[in-house]
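Dear colleague,

I am passing on a structure for your files, and you will find it directly below.

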Amino acid sequence: MSSVFLSLGSNMGDRRANLKEALERLDQLPQTQLLAVSSLYQTPAWGLTEQADFLNLACRLETILAPLDLLRACQSIENDLGRVQQQHWGPRTLDIDILLYDQKVLDQPDLTLPHPYMKERAFVLVPLLEMDNSLADPVTDLLYAADLAKLSTQGIEKISGPLK
């Protein structure tokens with residue numbers, strides 16, 4: 001079994017319900033178990049900022065799915081829950097990003113591990129490090145907490161404990 005960390009976000013429709021349904025579907029993937037879920041955070045949009053705030057969380061899975069198979073499963077869940085990509089970094093009902101897959105380093109056209117932008121996004125690092133603040137970049141061995149210390153967490157608001 002591989003240990004995987006994901007980031008989930010939603011800023012369209014019933015954001016909380018979208019995230020809860022996504023977590024349930026992730027837990028139902030073959031040979032996959034949802035082990036931990038961070039608190040729920042409300043965060044301002046990143047990239048294209050003229051849109052509604054996001055609800056974000058992170059989760060940890062154990063799975064036997066290969067990285068690209070997990071990516072396809074995550075994309076299927078996004079599509080099933082109504083994601084339509086109209087513009088890059090635009091509004092979406094659901095976004096699921098694979099952040100870390102064990103300590104794998106991967107650079108393929110469809111998937112880069114660790115996630116290439118995670119160190120630049122406090123809305124990703126805050127919930128991720130809530131679950132495990134000892135996580136380190138598999139490329140540099142530097143703690144992600146050091147990356148978070150360089151970022152502004154302004155506007156990131158914890159709004160509830162983990163979704164059940």
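At what angle do α1 and α2 pack, and how far apart are their axes? The angle is about 140 degrees and the axes are 10 Å apart, where axes are lines fitted to C-alpha atoms, for helices over the stretch in contact, and angles run from 0 to 180 degrees between N-to-C directions. Helices (H or I, at least four residues) and strands (E, at least two) are DSSP runs, numbered from the N terminus. Please bear in mind that this is a predicted model, in which local features need pLDDT of at least 70 and side-chain atom pairs count only at pLDDT 80 or more, while totals for chains, interfaces and linings use all residues. Residues are numbered from 1 along each chain as its sequence is written, and side-chain values use heavy atoms, with hydrogens and water left out.

To stay with the helix pair, α1 passes α2 in a right-handed crossing, a crossing being right-handed if the near helix is turned clockwise from the far one by less than a right angle, and left-handed if anticlockwise. The contact (heavy atoms within 4.5 Å) is made by Ala22, Arg25 and Leu26 of α1 together with Cys74, Ile77 and Asp80 of α2. By class, it has four nonpolar, no polar and two charged residues, where Ala, Val, Leu, Ile, Met, Phe, Trp, Tyr, Cys and Pro count as nonpolar, Asp, Glu, Lys and Arg as charged, and the others, Gly among them, as polar.

The largest nonpolar core has 29 residues, and those with the most contacts inside it are Leu6, Leu8, Leu26 and Leu70. Such a core is a set of buried Ala, Val, Leu, Ile, Met, Phe, Trp, Tyr and Cys residues joined through side-chain atoms within 4.5 Å, and buried means under 20% relative accessible area, exposed over 50%, and partly exposed in between (1.4 Å probe, protein chains only). At least two residues of this core come from each of β1 (2-10), α1 (15-27), β4 (54-63), α2 (67-80) and β5 (95-101), and the largest share, five residues, is that of α2. Apart from this core lies another, of 17 residues, among them Ala122, Leu125, Leu135 and Leu148. Leaving aside neighbours within four places in sequence, the contacts of leucine 6 include Leu26, Leu70, Cys74 and Ile98.

Serine 2, in strand β1, counts as buried because its relative accessibility is 13%. The side chains of serine 2 and aspartate 102 are joined by a polar contact of 2.9 Å; this term denotes a pair of N or O atoms within 3.5 Å, of which, within protein, one must be able to donate a hydrogen and the other to accept it, with residues adjacent in sequence counting only if both atoms are side-chain atoms.

Some loop residues also deserve a note. Isoleucine 64, in the loop between β4 and α2, is exposed, with a relative accessible area of 52%, and, leaving aside neighbours within four places in sequence, it is in contact with Met1 and Gln31. Glutamine 31 has a positive phi of about 50 degrees although it is not a glycine, and at 53% relative accessibility it counts as exposed. Aspartate 141, in the loop between α3 and α4 (144-149), likewise has a positive phi, near 65 degrees. Finally, the peptide bond from leucine 113 to proline 114 is cis, with omega near -5 degrees.

With best regards
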